[in-house]
Structure formats: structure tokens, C-alpha cells
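This report describes a ligand site and a sheet. Please consult the sequence and the coordinates alongside the text.

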Amino acid sequence: MAEEFDRIRRLPPYVFSEVNRIKADLRSKGEDIIDFGMGNPDMPTPSHIIEKLKETVIKPGTGRYSVSRGIPGLRKAQSKYYKKRFNVNLDPEKEVIVTLGSKEGLANLAQAMTTPGDIILSPNPSYPIHPYGFIIAGASLRHLPTMDDGIFNPELFLERLDRSIRHSSPKPVALIVSFPSNPTAQVVGLDFYEEVVKIARKHKTYILSDLAYAEIYFDGKPPPSILQVKNAKNIAVEFTSMSKTYAMAGWRIGFAVGNQKLIAALTKIKSYLDYGAFTPVQVAAAAALNGPQKCVSEIRSIYQGRRDVLIESMSRAGWNIPSPEASMFAWAPIPTKYKKKGSLKFAKDLMTKAHVAVAPGIAFGEYGEGFVRIGLVENEQRIRQAAKNIKKLLL
Ligand SMILES: Cc1ncc(COP(=O)(O)O)c(C=O)c1O
């Protein structure tokens with residue numbers, strides 16, 4: 001009998017589990033941990049969305065299997081969102097699919113499009129499902145370092161991308177991009193996407209863009225969609241999510257849109273795997289997209305307020321952190337005193353000595369070392385308290 005299953009062997013030990021174990025242990029002893037560790041929104045889902053769910057759930061028939069690729073009304077609502085927000089036209093029949101959160105969509109598209117041994121280009125550091133969705137599907141990865149000493153240099157990235165594709169044999173099947181980035185909070189402009197599309201078209205490489213933070217941006221600068229690039233649909237799909245935009249993380253609703261061949265592949269594989277999200281959840285998600293968007297700007301401004309308090313209070317504590325332009329994270333360089341010890345040791349010390357949980361950069365890939373990720377998921381008062389605790393540690 002196999003000692004360990006092949007697919008499981010390809011997944012490295014989960015770095016978060018060590019930090020989570022310490023957190024659980026301290027909490028069980030009654031300690032209050034200020035928890036910036038996960039990207040789990042703490043705000044309530046807006047009440048009109050909850051009301052729509054309640055109104056729908058009591059209707060006859062809603063407990064039946066739903067539609068795997070999503071109910072038509074929700075696919076149409078997503079298509080309208082892309083038109084209004086990005087001026088991108090999408091056919092809700094062929095170019096939009098509803099997923100059980102964007103993570104599920106990414107993982108199942110990887111299954112749908114990968115032949116074992118295929119090469120995939122994945123930025124590093126990255127949100128784990130980007131590389132591991134493909135690893136689970138049997139692909140081989142080429143990592144593209146995105147940051148150099150915490151700085152993103154678009155020209156350097158594009159050069160690396162082109163070189164990486166040229167030197168891959170076989171040619172990479174797909175490239176993953178995700179901006180605003182989790183974990184680095186890095187943003188890009190449309191001109192960057194134009195170059196990425198140009199390179200990918202030249203080498204016939206598909207692009208998977210994860211735009212989970214499309215609406216979590218600050219200082220009035222909305223991030224673009226890769227589908228705004230002319231003809232990008234010929235090679236690209238994009239994932240978005242209700243999780244952060246409407247504080248609906250537990251509802252598990254996201255979307256993939258764009259390239260018809262990739263959407264058809266995902267639709268087919270999902271038709272074997274699931275019956276779609278619970279219909280009332282889909283109806284409520286459509287109400288969220290079609291309804292008033294004031295709740296989105298309210299959620300956005302809560303994150304922005306927290307960002308400002310974080311940067312300012314940590315700076316007073318002696319920790320200078322670059323101010324993120326988008327996402328719900330700050331990507332913080334390890335303070336000099338801890339630099340040599342690495343991100344895991346620093347995260348553990350923050351937890352045990354300052355009672356503050358952060359995610360070690362190494363958990364997002366080897367090029368994440370030297371940094372920790374701070375989630376904006378605690379209120380302003382608790383962020384200030386965390387800064388006071390950290391100040392003592394850094395003295
Ligand atoms: C970049 C990125 N993509 C996808 C997800 C998962 O989103 P969903 O809840 O839609 O699966 C997250 C969640 O943190 C994320 O940061």
C-alpha cells in the first residue's frame with residue numbers, strides 16, 4: 001500500500017498550521033490574540049443581500065439542485081458589472097460562469113486544462129491556490145519572482161516572463177497573474193496588462209487573471225481588468241469574487257469570465273462535479289450586483305481607514321510599512337532586529353510576545369521570505385493596540 005498518495009506528496013507542509021497551532025494554544029489559555037493572519041473579512045454582509053436570501057429561501061423548489069454553471073440572472077448580472085465597471089462586453093451564455101468562490105473556479109479550471117507534465121508560470125510569492133491548483137492537477141511550475149527587495153519592477157517582470165517562456169520546454173500552457181496581489185498588495189496599470197497579453201499571444205500561452213480585489217482599492221484608484229486589453233479574450237480568463245467586495249466570503253460565490261474555450265472547459269468539468277451554489281445564495285448574489293453599490297464603498301472605506309491607522313501606528317512603533325494601494329493586506333518587511341531570523345520566527349515571536357498574529361511571507365513561496373502579510377481584518381482600536389504591543393517587542 002502506498003505510504004503517501006502521490007498528489008498529497010506534492011503538497012508541502014502547510015506553514016500556517018504551525019502559526020495556527022500556537023494561536024489556538026494561546027487562545028485556549030485565555031489570551032487575546034489580535035489576529036491579522038487570515039484574509040477573512042470581519043464585516044457583516046450588507047443587510048439587503050441577507051434579506052434577499054431570506055425572501056428566496058422560503059420559496060418552493062429552492063432546495064432543489066441548482067444550475068452548475070450558475071443561474072442565468074446571476075450570469076447576466078456579472079456581465080452587466082463588467083460592462084459598467086470595465087466597459088468589457090461578455091456574453092452571459094458563453095463567457096461567464098458562476099463558481100463556488102473564485103478558489104474553486106481556479107482549482108477546477110486547472111484540472112480541466114492540465115495534462116500531467118504541462119508547465120505553468122506562477123508568480124511567487126502568491127496566493128497558494130495559484131500554484132497548487134496546478135500542482136494538484138499534475139503540472140510542473142516555473143516560478144516568476146515578482147518583487148525585488150519588496151519593490152515590483154514591471155519591466156523586470158515582463159523580461160523574466162518572456163525569458164521564462166522562451167526557455168521552457170514544452171512551452172507553458174498558462175500564466176497566472178493576480179493584481180491587486182495577495183499577499184503583496186501590488187497593483188498594476190492597463191499598460192502592464194497590454195504587455196503581458198502581447199507576450200502571451202506571441203507564445204500562445206493562456207492567461208488566468210485573479211481579480212479578487214477588484215473593488216478593494218484606496219485613494220480613488222480602481223484597478224483595471226486584463227480583459228480591457230483589446231483581444232485579451234482570445235487568451236485570457238479572469239476570476240472575480242463576491243467574498244471581499246460584499247463581505248460574502250462564507251457564501252462561496254465567485255465568477256470566471258472571458259475566453260470561451262476555457263469557460264466551456266470549466267463548465268464541462270464542473271457539470272460532473274457540482275450542481276451549482278444553493279439557488280437562494282445565487283439569487284442574493286444577483287441582488288448584490290444589481291442593487292445599490294453604496295455598501296461596496298462603505299466596505300472599501302473601512303479597509304482604507306484601517307490601512308491608514310495601521311501604517312501610521314506601526315510607524316510610531318518603529319516599523320515602517322509601505323502603504324498598500326489596494327487589497328486587504330499590507331506587505332511588511334521584517335524589522336531589522338528580526339531580519340536574519342526569517343518570517344516564520346518573526347511571526348511566532350509576534351504571536352507569543354506581542355499577541356499579534358500575522359502570516360509569514362514564506363507561506364506564500366520562497367520569494368516571500370523577508371516579509372509578513374498583515375490582513376486588515378481587525379478594527380482600528382485593535383490595530384492601535386497591536387502597534388503598542390509590537391513597539392515593546394521592537395525596542
Ligand atoms: C487573490 C485571491 N484569490 C482568490 C481568493 C479566494 O476567494 P474566494 O472566496 O472567492 O474563493 C482569495 C482569498 O483570500 C484571494 O486573496
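## Ligand shell

Ala, Val, Leu, Ile, Met, Phe, Trp, Tyr, Cys and Pro are classed as nonpolar, Asp, Glu, Lys and Arg as charged, and the others, Gly among them, as polar. On that basis the shell around the ligand comprises three nonpolar, six polar and four charged residues. The model is predicted: local features need pLDDT of at least 70, side-chain atom pairs count only at pLDDT 80 or more, and totals for chains, interfaces and linings use all residues. Residues are numbered from 1 along each chain as its sequence is written, and side-chain values use heavy atoms, with hydrogens and water left out.

Of the 13 residues around the ligand, those that come nearest are Asp-210, Tyr-213, Ser-241, Ser-243 and Lys-244; a residue is near if one of its heavy atoms lies within 4 Å.

## Polar contacts and burial

Oxygen atoms of the ligand lie 2.7 Å from an N or O atom in the side chain of Asn-182, 2.7 Å from an N or O atom in the side chain of Tyr-213, and 2.9 Å from a polar backbone atom of Lys-103. The protein buries 94% of the 400 Å² that the ligand exposes when taken alone (Shrake-Rupley method, 1.4 Å probe).

## Sheet

An open sheet is formed by three strands in the order E11-E14-E13, with antiparallel pairing; strands (E, at least two residues) are DSSP runs numbered from the N terminus, and two strands pair if DSSP finds at least two bridges between them. Strand E11 (329-333) and strand E13 (359-360) are the edge strands, each pairing on one side only.

Two bridges join E13 to strand E14 (residues 371-375). Pro-360 stands opposite Val-372 in E14.

Technical notes. Polar contact = N/O pair within 3.5 Å; in protein donor to acceptor, adjacent residues only side chain to side chain. Helix = DSSP H or I, 4+ residues; strand = E, 2+ residues; numbered from the N terminus.
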